[in-house]
Amino acid sequence: MKIAWYIFYTYPRAEKIACDSLRALGYEVFLPLKKRLSVWKNRQCKIIEEPLFPSYIFIKTQLCELDKITKLPKICYCLSIDNRPSVLPDDDIDTMRKLVASTKEINVDTNFEVGESVMIVEGELSGCKGVLLTHNGKDVFGIKLVGTHYTAFINIGQNKIVKI
């Protein structure tokens, strides 16, 4: 059977718990996290890791395992389009891993339309493929999650990308 990356929706704020329990069961799970500085009322500062896509996790598994996974605690359902489970290409997962590991600030927005396909040719994200978008008047490199309204993006100059 074919193994692919599927997108699962979790209960709110349960992504890390679901991820840990799935790993304990032997599944390959990807939960992209971003770091942000949180400041409390007493001026105490702390860097917090939070999900890049709230309530979404990515699981690499076989199609026949999806029903079993949705019955696990903290998992709501597998995302689907036209009654077929949404599959994310390996390249998108690899690019998201590189984005999360990079030193660039990652943003997530829901108001993008898919643009022109591009590839980064310079810097630590060289070889990553995605779409060229405009956000607040700036060119950004983004990855759209199929079946969701989310796009992860970073600011990038047009001199670092080429059309594909």
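1. Threonine 61 is buried, at a relative accessible area of 5%, where buried means under 20% relative accessible area, exposed over 50% and partly exposed in between (1.4 Å probe, protein chains only). The residue sits in strand β5; helices (H or I, at least four residues) and strands (E, at least two) are DSSP runs, numbered from the N terminus. Setting aside neighbours within four places in sequence, threonine 61 is in contact with Lys2, Ile3, Ala4, Tyr6, Tyr27, Leu66 and Ile69, contact being heavy atoms within 4.5 Å.

2. On the basis of these remarks: this is a predicted model, in which local features need pLDDT of at least 70 and side-chain atom pairs count only at pLDDT 80 or more, while totals for chains, interfaces and linings use all residues. Residues are numbered from 1 along each chain as its sequence is written, and side-chain values use heavy atoms, with hydrogens and water left out. The protein averages a pLDDT (the predictor's confidence in each residue, from 0 to 100) of 89, and 97% of the residues score at least 70.

3. Phenylalanine 58 deserves a separate entry. Leaving aside neighbours within four places in sequence, phenylalanine 58 is in contact with Trp5, Tyr6, Ile7, Glu28, Val29, Phe30, Pro32, Phe53, Leu88, Ile93, Met96 and Leu145.

4. The largest pocket holds about 280 Å³ of space. On a 1 Å grid over the protein atoms alone, a cavity is a set of points where a 1.4 Å probe fits but cannot get out, and a pocket is an open set with protein on both sides within 12 Å along at least five of seven lines, lining residues having an atom within 4 Å of a point. Grid points are joined across faces, edges and corners, and a volume is the space filled by probe spheres set on the points. The lining of the largest pocket consists of Arg13, Glu15, Lys16, Lys34, Arg36, Ile48, Glu49, Glu50, Pro51 and Pro54. Elements giving two or more residues to it are α1 (15–24), β3 (33–39) and β4 (45–51), with β4 providing the largest share, four residues. By class, this lining has three nonpolar, no polar and seven charged residues; Ala, Val, Leu, Ile, Met, Phe, Trp, Tyr, Cys and Pro count as nonpolar, Asp, Glu, Lys and Arg as charged, and the others, Gly among them, as polar.

5. Lysine 16, one of the residues lining the largest pocket, belongs to helix α1 and is partly exposed, with a relative accessible area of 38%. Not counting residues up to four places away in sequence, lysine 16 touches Leu31, Leu33 and Glu49. The C-alpha atoms of lysine 16 and serine 55 are separated by 9.6 Å, although the two residues are 39 residues apart along the chain.

6. The second largest pocket has a volume of about 230 Å³, and its lining divides into four nonpolar, three polar and five charged residues. At least two lining residues come from each of β3 and α3 (90–101), and β3 gives the most, with three.
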